[in-house]
Amino acid sequence: MKILSAQQIREADKQTIQNEPISSIDLMERAVSKLFESIDASYSDDSSFAIFCGKGNNGGDGLALARWLFQNDYFVQVFIIEHSDSASEDFKENYKRLSDLEVGVLHISAAAEIPEMDDDTVLIDAMLGSGLSRPLEGLLADVVKALNTFENEKLAIDIPTGLFADDNSENSLDVIFKADVTLTFQCPKLSMVHKDTANFVGQIEVLDINLDEAVIERTSSLYSYLTPDQVADLYKPREKFSYKGTYGHALLIAGSYGSLGAALMSGKACLRSGAGLLTAFIPKCGVEIYQSALPEAMVISSDNEEVISGLPDLEKYNAVGVGPGLGTSSEASKTLGNLLEAFDGKMVLDADALNILAANPDFVNKLSTHAILTPHPGEFKRLLGLQELKPDYLERLKEFSKKHSIIVVLKDAITAIAAPDGQIYFMDYGTPALAKGGSGDVLTGIITGLLASGYDPLHAAQLGVYLQGIAAHFASDETSEEACLATDVIHNLGKAFRTLS
């Protein structure tokens with residue numbers, strides 16, 4: 001699913017109105033019917049709603065939604081924010097239609113006029129839409145600040161008021177409606193997946209309002225939001241007549257004294273994600289532990305007792321995962337440098353492998369064009385040699401991937417996957433259950449297993465991020481977000497795979 005700019009969305013609206021043809025008020029009604037369907041499916045019959053409307057088309061959406069809710073026996077109140085002397089034509093028409101019904105409407109000229117709300121009333125933001133390009137001020141700013149103090153559930157229509165659709169580097173992030181849920185039209189906006197502003201939108205639900213498909217198809221964008229259906233299209237079911245060799249041989253270079261658990265979790269995840277064979281190359285001190293805990297894997301050890309040193313023969317391996325628990329010793333650094341010189345195939349680098357890359361910038365130029373890097377924001381910052389990631393971090397991500405012709409998986413609650421052609425794919429499958437040691441090691445194993453079994457690097461990265469996120473959701477449903485362990489995620493990979501069938 002493409003992520004379009006505010007201007008591109010306006011153009012798609014305009015072209016839909018001209019080409020379908022359909023009036024703007026009828027297109028609004030169609031959009032609001034989708035809004036109502038989502039809300040009706042998510043809330044009980046006795047739910048109550050307070051809709052705060054601006055005087056533009058987003059406010060018109062709010063007025064139309066109030067009508068739909070009232071006509072379907074929900075209790076609804078409307079608050080019109082008098083921030084302007086003028087109103088859009090579609091706002092005026094929906095105000096007229098609502099006036100024929102017995103819906104309570106209060107005009108707000110000061111934030112202090114907002115009444116107390118019952119705790120179970122859902123606050124709906126329909127004040128400003130995606131066209132905003134300057135920070136909020138005056139009455140709207142006061143109202144947003146006031147509403148953010150309420151502990152009620154908050155829902156935004158299309159985009160939270162105060163949030164710019166595209167670039168918020170010049171915005172005031174102190175004056176943005178903080179939604180728990182955002183019901184957005186046709187496609188997500190870039191600010192909804194940007195790490196600095198995604199926290200304002202809560203859970204995203206994209207409502208298809210049937211804008212002209214041909215227009216959207218020919219509109220170019222470097223950003224995409226991957227839906228479960230799109231991820232499922234990447235999945236390759238196993239053939240009946242196949243054997244372990246069909247699904248490749250993975251090599252995992254991992255572990256050091258005191259950090260063998262990382263190598264073990266990564267190995268388990270690799271096999272659980274479909275690799276036909278796994279060989280773990282670990283320090284000598286871990287051989288007995290590894291073979292006892294993961295008998296399905298083959299194990300070879302370096303000559304060094306406590307850290308990785310040297311390299312095995314690489315010829316027979318279809319994919320290599322390197323980094324979990326590796327450490328950053330001189331021996332480990334030398335091993336990674338030699339690996340990058342000797343192996344030009346599919347490879348995943350994470351954890352200490354990324355720390356070694358950051359400490360040895362010349363190593364980055366040796367990366368295979370089949371390589372996948374999986375940094376979290378802190379590791380990515382170090383790779384770039386920066387003290388902090390600024391709002392332009394997506395441009396930095398794009399440039400780094402293109403320059404080195406590699407896939408970069410920037411891990412976060414919403415993960416951004418950069419491809420060498422300049423495309424960035426956002427995947428919204430994260431959960432706080434993954435905020436625990438071992439999660440990165442598990443992802444390394446999953447992606448390594450997918451690479452070994454035949455997926456190309458981009459698809460392996462996308463599918464791997466999805467599988468880990470969905471498995472973590474299953475695992476935390478059984479335990480909790482706090483109690484979920486990385487090993488619980490591994491145990492739920494089978495359930496995650498079943499969602500793809």
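## Exercises on a predicted model

Aspartate 120 sits in the loop that runs between strand E3 (104-108) and strand E4 (121-126). The structure is a predicted model.

**Exercise 1.** Determine whether aspartate 120 is buried or exposed, and state which surface patch includes Asp120.

Solution.
- Step 1: The relative accessibility of aspartate 120 is 56%.
- Step 2: Exposed means over 50% relative accessible area, so aspartate 120 counts as exposed.
- Step 3: Asp120 belongs to a negative surface patch, together with Glu37, Asp40, Asp45, Asp46, Asp73, Asp118, Asp119 and Glu151.

**Exercise 2.** Classify the aromatic pair of tyrosine 43 and phenylalanine 49, and find the cluster that holds both rings.

Solution.
- Step 1: The count of aromatic pairs comes to ten.
- Step 2: In the pair of tyrosine 43 and phenylalanine 49, the centres are 5.5 Å apart and the planes make an angle of 85°.
- Step 3: Planes over 60 degrees apart count as edge-to-face, so this pair is edge-to-face.
- Step 4: Tyrosine 43 has a relative accessible area of 14% and is therefore buried; phenylalanine 49, at 0%, is also buried.
- Step 5: Tyr43 and Phe49 belong to one aromatic cluster with Phe36, Trp68 and Tyr74.

**Exercise 3.** Describe the pair of tyrosine 223 and phenylalanine 426, and say which strands hold the two residues.

Solution.
- Step 1: The pair is tilted, with 6.1 Å from centre to centre and 40° between the planes.
- Step 2: Tyrosine 223 is in strand E8 (residues 223-225) and phenylalanine 426 in strand E17 (residues 424-427), so the pair ties together parts 203 residues apart in sequence.
- Step 3: Both tyrosine 223 and phenylalanine 426 are buried.

Conventions. Residues numbered from 1 in each chain as written. Predicted model: local features only at pLDDT ≥ 70, side-chain atom pairs only at ≥ 80, totals over all residues. Heavy atoms only, no water. Patch = residues over 30% accessible without salt bridge, like charges linked within 9 Å, V, L, I, M, F, W, Y side chains within 5 Å. Areas by Shrake-Rupley, 256 points an atom, 1.4 Å probe, with all protein chains shown as cover. Salt bridge = Lys/Arg side-chain N within 4 Å of Asp/Glu carboxyl O. Lys, Arg positive; Asp, Glu negative; His and termini not counted. Charge placed at Lys NZ, Arg CZ, Asp CG, Glu CD. Helix = DSSP H or I, 4+ residues; strand = E, 2+ residues; numbered from the N terminus. Buried < 20%, exposed > 50% of the residue type's maximum accessible area, 1.4 Å probe, protein only. Phe/Tyr/Trp six-rings, centres within 6.5 Å; stacked < 30°, edge-to-face > 60°.
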